[in-house]
Amino acid sequence: MQIDGAVVVVTGASSGIGAATARAAAAAGARVVLAARREDRLAALAEELGSARGAALAVRCDVTDPAQVADALQAAVDAFGRIDVVVNNAGQGLQGTVADVDLEDVRAVLELNVLGPLVVMQAAVPHLRAGGGGSIVNISSGTTLAAVPGTGPYAASKSALEKLSAVARAELEPDGITVSCLLPFATSTEFMTSIRAGREAAEEMTAGATFDPPERVAEAVLDLVRTGAPQVDLVPRAYGGSA
Ligand SMILES: NC(=O)c1ccc[n+]([C@@H]2O[C@H](COP(=O)([O-])OP(=O)(O)OC[C@H]3O[C@@H](n4cnc5c(N)ncnc54)[C@H](OP(=O)(O)O)[C@@H]3O)[C@@H](O)[C@H]2O)c1
């Protein structure tokens, strides 16, 4: 679908890939809705992207809370009249071996990385249907393409998201809604500092890797919106991908 003129909701827009995606969508002519928990960051980005002329809206929203998500999407519709695109980008890393990882950490990451996008899709679908269709892009991870020690719970959360996305894609095709997944490679964002646990091991694992800039991932998100392709990865062949 066309991005120019579309209303694009981005979760996790307060930093990294989400912020870059919001900037890229705005540059391509979209009106953007920025959702995350850090309101100061969202307000600054919304101002940068033109909140004063109605081109951007900041909405505080914890994506694990269905009531907050419903309110945020309603605020988007109230401001812009409709929603055309949803980028489910909010997420968090977790590094830990299957034998030792803390179960509370795993529960929290599953809640955010799997239930979060599900909650947002459930709230967004009625709005997308009302507009006659749209696009959902779910941000997965290249970790699903390999079996790297220490990535199990995080990769499992993203594998679950990929399956959920594939089934949603089949279910929503009759409504003219495409559901796509993007699998980024290591990307230079706040991901390593916001990781739930295992930062040192995660940094060791990625030492020597060439990190992508978030702007590269953002362009890939916009390409998925335009093409509606089911899945694209940015992972080099040496790491099991196709990039
Ligand atoms: N960086 C990488 O190497 C990499 C590679 C593959 C995939 N990914 C995926 O890319 C996505 C974006 O990550 P990033 O690299 O850009 O990291 P990041 O800079 O840490 O961004 C994460 C974003 O998620 C938001 N978020 C976290 N919990 C939230 C919640 N409960 N409700 C709403 N928003 C929440 C954060 O905002 P607030 O804290 O303000 O809420 C932040 O904007 C994630 O899904 C991640 O798994 C990243």
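Guide: Residues are numbered from 1 along each chain as its sequence is written. In this predicted model, local features need pLDDT of at least 70, and side-chain atom pairs count only at pLDDT 80 or more.

Visitor: Why are H1 and H8 called oblique to each other?

Guide: The axes of H1 (residues 16-27) and H8 (residues 214-227) cross at roughly 55° and come within 8 Å. Angles under 35 degrees count as roughly parallel, over 145 as roughly antiparallel, 65 to 115 as roughly perpendicular and the rest as oblique. H1 and H8 are therefore oblique.

Visitor: Which residues of H1 and H8 meet?

Guide: Contact means heavy atoms within 4.5 Å. Among those in H1 are Ile17 and Ala24, and among those in H8 are Val217 and Leu222.

Visitor: Why are H4 and H5 called roughly parallel?

Guide: The axes of H4 (residues 103-130) and H5 (residues 152-172) cross at roughly 20° and come within 9 Å. H4 and H5 are therefore roughly parallel to each other.

Visitor: What makes S2 and S3 a pair?

Guide: Two strands pair if DSSP finds at least two bridges between them. S2 (residues 31-36) and S3 (residues 56-60) have five bridges, in the parallel sense, and therefore count as a pair. Alanine 35 stands opposite valine 59 in S3.

Visitor: What is the handedness of the crossover from S2 to S3?

Guide: The chain runs from S2 through helix H2 (residues 39-48) to S3, and this β-α-β crossover is right-handed. The term applies if, with the strands pointing away from the viewer, the path from the first strand over the helix to the second runs clockwise.

Methods. Heavy atoms only, no water. Axes fitted to C-alpha atoms, helices over the stretch in contact; angles between N-to-C directions. Helix = DSSP H or I, 4+ residues; strand = E, 2+ residues; numbered from the N terminus.
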